[in-house]
Amino acid sequence: MQPATERPVLFFTASARPEGNTLRLARAAATGLPGEVPCDWIDLDRIDLPPFRDLRPAAPPEPEAALGQCLSAIRAARAVVLAAPIYWYGFPAPLHLLLSHWSGWLDTAALGFLASLKDKPLALITARADPDPSVPETAEAIIRRSALWLGMQWHGALHGIGDAPGDVESTPAFGQAADFLRPLAQGIS
Ligand SMILES: Cc1cc2nc3c(=O)[nH]c(=O)nc-3n(C[C@H](O)[C@H](O)[C@H](O)COP(=O)(O)O)c2cc1C
């Protein structure tokens, strides 16, 4: 295991298009981290996550390939940031798929997944078209409650507004982005 100061902040992005608003907002947030904090990026829309199968009471097979990459990256991370557009008041399918696989990993005690999440900060970054502030509430509640249930540290959410790629760059959330993640670099020894 790397020393805590060398561990990356892990960004899972989940937009179905490249260079979208969520990615731009997440990148702006990453600029608030000091240079010595590495960032790891995994685009869930571009990696081949297998379908989730609920095999209970049996345990799922050892995660391999893209799934294994996600598990290793989470274990190695000092913090996890989920960066996803709002789709139908919720999240794009690849992010849901990842979270379903987390359930399977929790059923495999030997993976030590739950222990690896303990007290790890979890943050959410979203973008949406509708400026109504209640639109991302359900999505935020899903991740906040999941963080609490998993024993992670809920870091909070940053919600951007925009529809065409780049719209978010002229909104207040974009200006606040660098401050949003900065606390992740503090208090780690
Ligand atoms: C399938 C789909 C569903 C969407 N659902 C919503 C929605 O429920 N509320 C909303 O405000 N915007 C919705 N949008 C708009 C996107 O959230 C918006 O375009 C956002 O900027 C996309 O982020 P991205 O550029 O990172 O892909 C939807 C877009 C798509 C493609």
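This is a predicted model: local features need pLDDT of at least 70, side-chain atom pairs count only at pLDDT 80 or more; totals for chains, interfaces and linings use all residues.

Trainee: What makes Q2 count as exposed?

Mentor: A residue is buried if 20 or more other C-beta atoms lie within 10 Å of its own, exposed if 12 or fewer, and partly exposed in between, with C-beta atoms placed from the backbone. Q2 has 10 C-beta neighbours inside 10 Å, and therefore counts as exposed. Q2 lies in the segment before β1; helices (H or I, at least four residues) and strands (E, at least two) are DSSP runs, numbered from the N terminus.

Trainee: Which residues is Q2 in contact with, leaving aside its neighbours within four places in sequence?

Mentor: They are R7 and A76. Two residues are in contact if their C-beta atoms, placed from the backbone, lie within 7 Å.

Trainee: Which element gives the most to the shell around the ligand?

Mentor: That element is α1, with three residues. The shell has 19 residues, of which S15, G20, T22, P85 and D130 are the closest; a residue is near a molecule if its C-beta atom, placed from the backbone, lies within 6 Å of it. By kind, the shell holds 10 nonpolar, five polar and four charged residues. Ala, Val, Leu, Ile, Met, Phe, Trp, Tyr, Cys and Pro count as nonpolar, Asp, Glu, Lys and Arg as charged, and the others, Gly among them, as polar.

Trainee: Why are α1 and α6 called oblique to each other?

Mentor: Their axes come within 6 Å and cross at roughly 45°. Axes are lines fitted to C-alpha atoms, for helices over the stretch in contact, and angles run from 0 to 180 degrees between N-to-C directions. Angles under 35 degrees count as roughly parallel, over 145 as roughly antiparallel, 65 to 115 as roughly perpendicular and the rest as oblique. The pair α1 and α6 is therefore oblique.

Trainee: Which residues make the contact?

Mentor: L25, A28, A29 and A30 of α1 meet A173, F174, A177, A178, F180 and L181 of α6. These residues divide into 10 nonpolar, no polar and no charged.

Trainee: What makes E19 and A65 count as exposed?

Mentor: E19 has 10 C-beta neighbours inside 10 Å and so counts as exposed. A65 has 11 such neighbours and so counts as exposed. E19, found in the loop between β1 and α1, has a positive phi of about 55° although it is not a glycine. A65, placed in helix α2, has a positive phi near 50° and is likewise a residue other than glycine.

Trainee: Where is the peptide bond that is cis?

Mentor: The cis bond runs from R56 to P57, with omega near 5°. P57 is in the loop between β2 and α2 (65-76).

Terms used. Residues are numbered from 1 along each chain as its sequence is written.
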